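Visitor: Could you take me through the helices and ring contacts of this model, one question at a time?

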Amino acid sequence: MKNFLASRRSEGTNEKTGGRLSSRLRVMGSLTALASIAIAAVLTVGYSNAKAQGPRSNNSTGNIQNGKRIFAGQNCTQCHGSQGQGGSAQVAGPRIGPPRLALPMFMSSVREPMKPMPPYSAKAISDAELADVYAYLSSLPPAPAAETAPPGNAENGKRVYIADGCYECHDREGQGGAGTGPRLAPNPIAFAAFTHQLRSPVNEMPPYTSKVLPDKELADIYAFLQAIPKPPSPDNTLLPQ
């Protein structure tokens, strides 16, 4: 009799354990199914968004056509030219097409620019939109600045650049000073815009008249800036994914 009761208790325990295990398995199966549905939904939305944004450039994750639209819509052309070649009117912005800065530095220069350029907050233009503008500028061919610039002596230009104190704001390789002068090299702005900015600057830079800096020395400085080699290509891992 004792053996019979012990056997029944054992069978009851096994039935309870099996029931709990089956219940847990059913719950786990339901959770797995829900997770699969959620993942599929996220992937579907991501694919739809990617299609809606259009083709991406090979150089960055930005949309070239959207970047072109934003560049014009934000009136960037007024200071930087329709092709990012640099302005030559009263407000002569530097040449930014194609960009001379890596994308993170480009974004930083837009968020916290040198005067007289106004700052653009993330509310005014998002990081994704800035990546699109960068992609558009990267797609532009280099401006033929060297074809329109007069011949100059790069060695003498380097000497004048140092002697006239240009390095104090723009650093010794024209890479720009922290919080002072903007980047000048490599790939300087068009010679006409460069001359206009020197003779009639639009920011805190002092004017350099032809008496202070003759046209020949100005051409030599420009030749020096053109001779400065380009930095290594930016690491693509820094680009937003």
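Visitor: Is helix α9 largely enclosed or largely open in this structure?
Guide: In this predicted model, the buried residues of α9 are Phe-191, Ala-193, Phe-194, Thr-195, Gln-197, Leu-198 and Arg-199. These are seven of the nine residues of the helix, which spans residues 191-199, so α9 is largely enclosed by the rest of the structure.

Visitor: Which helix do the buried residues of α9 pack against?
Guide: One of the buried residues of α9 is Phe-191, which counts as buried because its relative accessibility is 14%, below the cut-off of 20%. The helix against which the buried residues of α9 pack is α10 (215-227).

Visitor: What is the centre-to-centre distance in the aromatic pair of Phe-191 and Tyr-222?
Guide: The structure holds five aromatic pairs. In the one formed by Phe-191 and Tyr-222, the planes lie at 80° to each other, which is edge-to-face, and the centre-to-centre distance is 5.1 Å.

Visitor: How far apart are the end C-alpha atoms of helix α5?
Guide: Helix α5 has twelve residues (127-138), and at 1.5 Å a residue it should span 16 Å. The model agrees with this expectation, because the end C-alpha atoms are apart by 16 Å.

Note on methods: Residues are numbered from 1 along each chain as its sequence is written. This is a predicted model: local features need pLDDT of at least 70, side-chain atom pairs count only at pLDDT 80 or more; totals for chains, interfaces and linings use all residues. Side-chain values use heavy atoms; hydrogens and water are left out. Helices (H or I, at least four residues) and strands (E, at least two) are DSSP runs, numbered from the N terminus. The expected span of a helix is 1.5 Å times one less than its number of residues. Buried means under 20% relative accessible area, exposed over 50%, partly exposed in between (1.4 Å probe, protein chains only). Contact means heavy atoms within 4.5 Å. Rings of Phe, Tyr and Trp (its six-membered ring) pair if their centres lie within 6.5 Å; planes under 30 degrees apart count as stacked, over 60 as edge-to-face and the rest as tilted.
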